[in-house]
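Q: I have a structure open and want to learn how to read it. Where do we start?

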Amino acid sequence: MASISLTDSPFLKLPTRPSVHVAAGDGPYANTRAALAQVDLSPSRGRRVLLKPNAGRVAPAGAGITTDPQVVAAAIDAFREDGAEVAVGESPIVGVKAQEAFDAGGITSIARERDCILIDMDARRFIKAPVPAGIAIDSLKVCPEVFEYDIVVSIPVMKMHMHTGVTLSVKNMKGCLWRRSKVELHMLPPVEGRDEKPIDIAIADMAGVLRPHLSIIDGTVGMEGLGPSAGEAKPFDVVVVGADAFAADAVACKLMGTQAQNIPHLRIGAERGYGVIDLDSIAVTPDNWRDLSSAFALPPENLSIEFPNVNVLDENSCSACQSTLLLFLKHYGNRLFDYLPSDTGVRIAIGKGHAEVPDGTLCIGNCTAPHRDHGIFIKGCPPVSSQILTAISGKPSVDSMDGHIGTSGEPKE
Ligand code: SF4
């Protein structure tokens, strides 16, 4: 059977007026089945389907960080009933192992009950994919399964995101990028002549070659505020399904109280014709879907507002160090000034883009190693948040610690 291009969904009947289906109020499994029942899944018959949830971090189900396992269970069951062969795969953020994340989030358990294959998509070598229309990037290192399976389904969590506004089904495909190559998208130089952040342009570039054939957005418990990992869990009990990832994301945005036009990677991608975000051009069921909207708290524009007296110098960091820092501030922030002077404030640097940092800066992660002599350096890629506390409290010496520790050691949300 011929494979299906990752930019051409067999479930999309009318590209100029895509359909999106919303189901709510009946729990993750029933909501997902109800929304999927609106889609003709028969093109998946006899084909191999790769489900790509958000299992990028070690977090328990219900924390609003990873995809609810019952949403994944419902997707496995629905595709199998239509005669597909189904697997679940993930390439997590740096420092996290896929199996740990599957175990912690409950996906291992539902997969085992169903005898469904779980794939660590970092285990094999990448396939290099050109990005012909790319502006910020010209190629991607993609996990091989993404091209080997006939159908790829993006199953993100409905979350606000500190750097990209939201993270939904278009951005969830970043978890199909191989190992550390994900980090490269966060470290791109500014694009000449463009006001948008390079990460936003790069995600739109990625969507030019890696668009899911179907999106199932898990709003069972979303995340508001400091997403993607340090915000507040938002119980919502909603699932959104659509074959046009941009249209599904646009509907999710509206449900979250924002607009896709305000999310740069969605706006840029839609302008290039990768999908539809104009709600007037999307056929959404049920008719009264907008009544379900419940505004998610926006991410703070500046972490210093959220954490007074803390000045975060973030230059081209990736999600892993952002998560480490946010979790540290959330769990240990009130102890920061037990060890550091509160009158001048605390400067914290993450990311590899710093030409220099002021003396006394807390330098977090290996990317800040060139500035280690200017303050306190916490090595690791990423470090875990407890390492930062250990470093500032002075016991034991940070350099005596193992620098490569996964986020499994983080406090649970
Ligand atoms: S040190 Fe931090 S910002 Fe740098 S690559 Fe590692 S996780 Fe990303």
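A: Start with a helix pair. α1 and α2 are oblique to each other, since oblique is what remains once angles under 35 degrees count as roughly parallel, over 145 as roughly antiparallel and 65 to 115 as roughly perpendicular. Helices (H or I, at least four residues) and strands (E, at least two) are DSSP runs, numbered from the N terminus. This is a predicted model, where local features need pLDDT of at least 70, side-chain atom pairs count only at pLDDT 80 or more, and totals for chains, interfaces and linings use all residues. Residues are numbered from 1 along each chain as its sequence is written.

Q: At what angle do α1 and α2 pack, and how far apart are their axes?

A: Axes are lines fitted to C-alpha atoms, for helices over the stretch in contact, and angles run from 0 to 180 degrees between N-to-C directions. Helix α1 (residues 28-36) packs on helix α2 (residues 69-81) at about 40 degrees, and the axes are 8 Å apart.

Q: Is the crossing of α1 and α2 left-handed or right-handed?

A: Look at the near helix: turned anticlockwise from the far one by less than a right angle, the crossing is left-handed; turned clockwise, right-handed. For α1 and α2 the crossing is right-handed.

Q: Which residues make that contact?

A: Two residues are in contact if their C-beta atoms, placed from the backbone, lie within 7 Å. From α1 come P28, Y29, T32, R33 and L36; from α2 come Q70, V71, A73, A74, A75 and A78. By class, eight are nonpolar, two polar and one charged. Ala, Val, Leu, Ile, Met, Phe, Trp, Tyr, Cys and Pro count as nonpolar, Asp, Glu, Lys and Arg as charged, and the others, Gly among them, as polar.

Q: Now α10. How does α8 pack against α10?

A: Helix α8 (residues 198-207) meets α10 at about 45 degrees, with axes 8 Å apart. Therefore α8 is oblique to α10. Their crossing is right-handed. D200, I201, I203, A204 and A207 of α8 touch P264, H265, I268 and G269 of α10.

Q: And where do the axes of α9 and α10 come?

A: Helix α9 (residues 245-255) and helix α10 (residues 264-271) have axes that come within 11 Å and cross at roughly 140 degrees. So α9 is oblique to α10. This crossing is left-handed. F246, D249 and A250 of α9 meet L266, G269 and A270 of α10.

Q: How is the protein chain divided?

A: Domain bounds come from an automatic or database domain assignment. Here they give domain 1 (19-292) and domain 2 (303-409). The C-alpha centres of the two domains lie 30 Å apart. Across the boundary, 16 residues of domain 1 contact 19 residues of domain 2. The domain 1 side has ten nonpolar, three polar and three charged residues.

Q: Which residues are closest to the ligand?

A: A residue is near a molecule or strand if its C-beta atom, placed from the backbone, lies within 6 Å of it. The ligand is surrounded by 14 residues, and the closest are C318, C321, G365, C367 and C381. The shell holds nine nonpolar, four polar and one charged residues.

Q: Which backbone details deserve a look?

A: The C381 to P382 peptide bond is cis, with omega near 0 degrees. P382 sits in the loop between β16 (375-378) and α14 (385-393). The G227 to P228 bond is also cis, with omega near 15 degrees. D115 is not a glycine, yet has a positive phi of about 55 degrees.
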